[in-house]
Amino acid sequence: MTTENSRLRLAVLGVVVISLFAALFARLWYLQVLDSETFQLQAEQNEAKLVFEEAPRGRILDRQGRVLVDNRVSEAITVNRVELKGHEQEVIPRLAALLGISEAELVKRIADPRYSHYKPVPVAEDVPEEKIVYLKEHRADFPGVDEAKLARRSYPNGTLAAHLLGYVGEINDTELKSRDEKGYRLGESIGKSGVEQSYEEDLRGEQGITKLQVDSSNRVLQTLARRAPVQGHDVQLTIDLDVQRLAEESLVRGLEAARRDADRETKKNFVAPAGSVVVLDPNDGSVLAMASYPTYDPASFVNGISPDVFRTMQDPASYFPLNNRVVQGQYAPGSTFKLVTATAAMRKGLVNERTTFDDHGELRVGNRTFRNAGSYPWGRVNVTRALAVSSDVYFYTLGASFWNQRSQYGETVIQDTAKEFGLGEKTGIPLASEARGRISDPEGRKRLHEARPDAFPEGRWFAGDNVNLSIGQGETVVTPLQLGVSYAAFANGGTVHQPKVAARILRQDGTVVREVPSVTTRKVDLPANVRTPIVAGLRGAITDPKGTAHGAFAGFDGFPVAGKTGTAQVTGKQDTAIFAGFGPANAPQYAISVIMEESGFGGSVAAPVARRIFAGLAGKPVGDVQLAGGVD
């Protein structure tokens, strides 16, 4: 080799070395200077992971602080997907056999996208203790599998107040979208109905957050930071556990008694499939009890309700137990509506307490004859007597007179009075799906006809429609809650309160976060010359030997009760039994509305249910629900 060749080779090697170093320095300069922020951000994202932990929900208490909804500990088996990796073939068949489920089902549960990749996935809850023990004893055979204690809703009183309390379930896509800014995440529980839904933000609490450091294989290296979850606030309700139980028991016993009774005309036993009771404090609108039957077990929604159970709840044959009939049921009020007609007539001066009509048992209006129940003639009756014995003819006369003299009184005097009492309008109670009801009037008739001429072939309003309206029949429907609110307002002298179910929000240490104030919706003008004769009539329904609720309250030695029975006719169904009233009559503390579907006369079955509740409220022995006579 010549000296020149050696120099040439050294020169080439030098150029190569310099080029390599130049390329290396250029790359380092690019990484460290030009794109350093991007790579720094990526590095941080790759190293730090956030894992969210759902907070236990607050409890729900009754007005005395007794627990209605609590949290319990559920023994769960979890799978850590990172630790499981590489062991699937051996662990999945083994764990599926232990849990008694198919391998496909277990794989599906492990892959549940609701859970963070770094958060153990609960694949089974409420696991029997022997399986937990087995897992602990054979831990080496189950890499990535562990046990955990999870907080789940519990109901120490079973189905009691289920409709009012509501239930929780996993947040769905629609709910998540509307609450995304509040930090909700897939897989979280959320109130789906009742108080759980209405006071969701108070009950939810603050989720826990754990910041983890992981390597490029997503293995957890260490915990960088952790904020423990904070349990939600407690919600103390206005309902009283004892009154709630009394109302529910009375309703169920009343329906059972009605089923043993038979319709006098058809001789068929009453179906009596469903009903509702609401007890209000007329002084501030507090709901003391809210009962709806049939009911359901809110515990069946914990861990996800089974499709079969949910399908049964949607079957018409089950009479839709998820419906809260107190706020969602809509019924013709029947003769309980006579309170409204009487108030309208007395305030407008159409009649006074001395005005009497001769009740022959029927009244001819146009080409139609309207009759009393059983066509019974009550003779001369004034407003007090008419309310006590429930003379339809007296109120037919008022309805016809208002229409015939509409140029003087207007076309909708009765309807306007009904709306003053809150009938046919949502009460504003903080529960979802409250129905509006309907007070029929000429404009409404026209709209119904235009919308559904098949169901409402006549678009005009006649005197006969006012006659039907006067006794709560026709197209008028109200909710049991509206009926209770209207009688509560009359009881307290005319103040219409918005019903409330929560009294206050409490921290876990018992201190008050906020009080829930009472809300007055409006005032109904009830001067003494109007109210006194009507109260006497409602008292007469209870005390007068001919009163429609006298049989139901015979021998009642609690406080004085005022009330009105009602029997609503429904095409194709048996009669709906109704009672609305309040007590003590001279200083009301309770207003009650009872509505029982296809159960017969109000005086026969609804009033006895109310009597049992009033007896309990008065501190008297309640006994059973005893059916009474009566035709209204």
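Student: In strand 12, which residue is the bridge partner of Gly275?

Tutor: The partner of Gly275 in strand 12 is Tyr293. Before going further, note that this is a predicted model, in which local features need pLDDT of at least 70 and side-chain atom pairs count only at pLDDT 80 or more, while totals for chains, interfaces and linings use all residues. Residues are numbered from 1 along each chain as its sequence is written, and side-chain values use heavy atoms, with hydrogens and water left out.

The bridge between Gly275 and Tyr293 belongs to a pairing in which strand 11 (residues 275–280) and strand 12 run antiparallel and are joined by six bridges. Two strands count as paired if DSSP finds at least two bridges between them, and the numbered elements are DSSP runs counted from the N terminus (helices being H or I of at least four residues, strands E of at least two). In general, strands of a sheet pair through backbone hydrogen bonds, either parallel or antiparallel. Here the sheet is open, with five strands in the order 12-11-23-22-21 and antiparallel pairing. Strand 12 is one of its edge strands, the other being strand 21 (562–568), and each pairs on one side only. Neighbouring strands of this sheet are turned by 5° against each other on average, direction ignored, where the axes are lines fitted to C-alpha atoms (for helices over the stretch in contact) and angles between N-to-C directions run from 0 to 180 degrees.

Tyr167 and Tyr296 form an edge-to-face pair, because their ring centres are 6.0 Å apart and their planes stand at 85°. Since Tyr167 lies in the loop between helix 7 (162–165) and strand 6 (168–170), and Tyr296 in the loop between strand 12 (287–293) and helix 12 (307–314), the pair ties together parts that are 129 residues apart in sequence. Both Tyr167 and Tyr296 are buried, where buried means under 20% relative accessible area, exposed over 50%, and partly exposed in between (1.4 Å probe, protein chains only).

Turning to charged side chains, a salt bridge (a side-chain nitrogen of Lys or Arg within 4 Å of a carboxyl oxygen of Asp or Glu) occurs 33 times in the structure. One of these joins Glu201 and Lys182 (2.4 Å, N to O). Because Glu201 lies in helix 10 (residues 200–204) and Lys182 in the loop between helix 8 (173–178) and strand 7 (189–191), this pair ties together parts that are 19 residues apart in sequence. Glu201 is exposed, at a relative accessible area of 58%, and Lys182 is partly exposed, at 42%. Lys338 and Asp392 also meet in a salt bridge (2.5 Å, N to O), and since Lys338 lies in helix 14 (residues 338–348) and Asp392 in helix 16 (residues 392–404), the parts tied together are 54 residues apart in sequence. Lys338 is buried with a relative accessible area of 0%, and Asp392 counts as buried at 10%.

A further arginine, Arg325, lies in helix 13 (residues 325–328) and counts as buried at 8% relative accessibility. Its side chain makes a polar contact with the side chain of Glu597 (2.9 Å); such a contact is a pair of N or O atoms within 3.5 Å, where within protein one must be able to donate a hydrogen and the other to accept it, and residues adjacent in sequence count only if both atoms are side-chain atoms.

How values were computed:
Rings of Phe, Tyr and Trp (its six-membered ring) pair if their centres lie within 6.5 Å; planes under 30 degrees apart count as stacked, over 60 as edge-to-face and the rest as tilted.
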